[in-house]
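Biologist: I am new to this structure and would like a close look at a single part, the places where side chains pack together. Please give the cut-offs as you go.

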Amino acid sequence: MVGFFISVATGWHVHLDLLGAGAFFFSLLPSLPLAKHNTRIAYSSFAVGLWSLRLTAFLFYRALVVQHDGRLTTTLSTVQGTLLFWTISAVWGVGTALPHTLGTTNARHAGYTITNVLGMILFFVGWLVETVADLQKWSFQQHAPPHVFCNLGLWKWSQHPNWFGDLLLWTGIFVLNLPSLVIIVVVAGSSSSTTTTTTTAWRSARRVGCALLSPLILVVLFYGQATGRISNARQKANERYGYGTDPVYTEYVDTTPLIVPNNVVGVGMGFR
């Protein structure tokens, strides 16, 4: 709500990503005491914190330099549009953090070595992809003419490699917290020396399903923006770089996967 009122009162764009991505870091505070005694929660808190700090710092610096995000001018020009923007931001924030948030509710489970290692590998690979992609495009934009698009480095293989990295790292955080999402209940038997362990399948399925909303929400938001169904960013990019008139850019848009590079999941599966 703070971001909404600042936007309505000032029309600023500088605070958008600072509050949006920065909120993840402050959401870690309740889990920090638990992280001292639980390896999985410590890993998960570190991952979310590192991602939030890096992304917030980069986006805030970019906002200070450019001052205005042309992609949001129309949306933020009305109260209704501003409310919609911050509502979507809230859904993104709460939904994306679900694997970590739900994982901290089961502090008794420290995770398994395989899920801890696999989850952190996915996280670091995704974090590096997102970081490198952001830096490559930012560096390119500082030196290239305004109507020349970036198709170098990771941007040669995907139209949105930074989003691919984001999907990968949050999938890693989901894998990391997966064991804690399954609830194990110990039920005493008829004898004091006898216990039986049962899995509450329904509760576990609900927790896993809720946590899966994280990558699902990201897929919907990223794919919706990349195709122009959620925002006008694609239309503005096509107008700026000359889709249909510039043969190089037209071929790039028509042949390059939107998010997931073809060589990652096989030809034809790049979210086209």
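Modeller: In the protein chain, 71% of the contacts with a separation of 6 or more are made by residues 24 or more positions apart, where contact means heavy atoms within 4.5 Å. This is a predicted model, in which local features need pLDDT of at least 70 and side-chain atom pairs count only at pLDDT 80 or more, while totals for chains, interfaces and linings use all residues. Residues are numbered from 1 along each chain as its sequence is written, and side-chain values use heavy atoms, with hydrogens and water left out.

The protein chain has 12 helices and two strands; these are DSSP runs numbered from the N terminus, with helices (H or I) of at least four residues and strands (E) of at least two. Of its 272 residues, 43% count as buried, a word that stands for under 20% relative accessible area, with exposed for over 50% and partly exposed in between (1.4 Å probe, protein chains only).

The part to look at closely is the largest nonpolar core, which has 31 residues; such a core is a set of buried Ala, Val, Leu, Ile, Met, Phe, Trp, Tyr and Cys residues joined through side-chain atoms within 4.5 Å. F24, W51, F123, L169, W170, I173 and I259 touch the most other members. Two or more residues come from each of α4, α7, α8 and α9, and the largest share, eight residues, belongs to α8.

Helix α8 is mostly covered, since 19 of its 21 residues are buried. From its first C-alpha to its last, α8 reaches 29 Å, close to the 30 Å expected at 1.5 Å a residue, where the expected span is 1.5 Å times one less than the number of residues. A kink of about 30 degrees lies at V175 in α8, shortly before the proline P179; the bend at a residue is the angle between axes fitted to the seven residues ending there and the seven starting there.

Helix α9, which also contributes to the core, has 27 residues (201–227) that should span 39 Å, and its end C-alpha atoms, 38 Å apart, agree with this. In α9 a kink of about 30 degrees lies at S214, shortly before P215, and both of these residues are buried, as are others in the helix, among them I217, L218, L221 and F222.

Aromatic rings also come together, in 10 pairs; rings of Phe, Tyr and Trp (its six-membered ring) pair if their centres lie within 6.5 Å, and planes under 30 degrees apart count as stacked, over 60 as edge-to-face and the rest as tilted. Y61 and W138 form an edge-to-face pair, because their ring centres are 5.9 Å apart and their planes stand at 70 degrees. This pair links Y61 in helix α4 (residues 39–66) to W138 in helix α7 (residues 113–143), 77 residues apart. W138 is buried, with a relative accessible area of 14%, whereas Y61, at 48%, counts as partly exposed.
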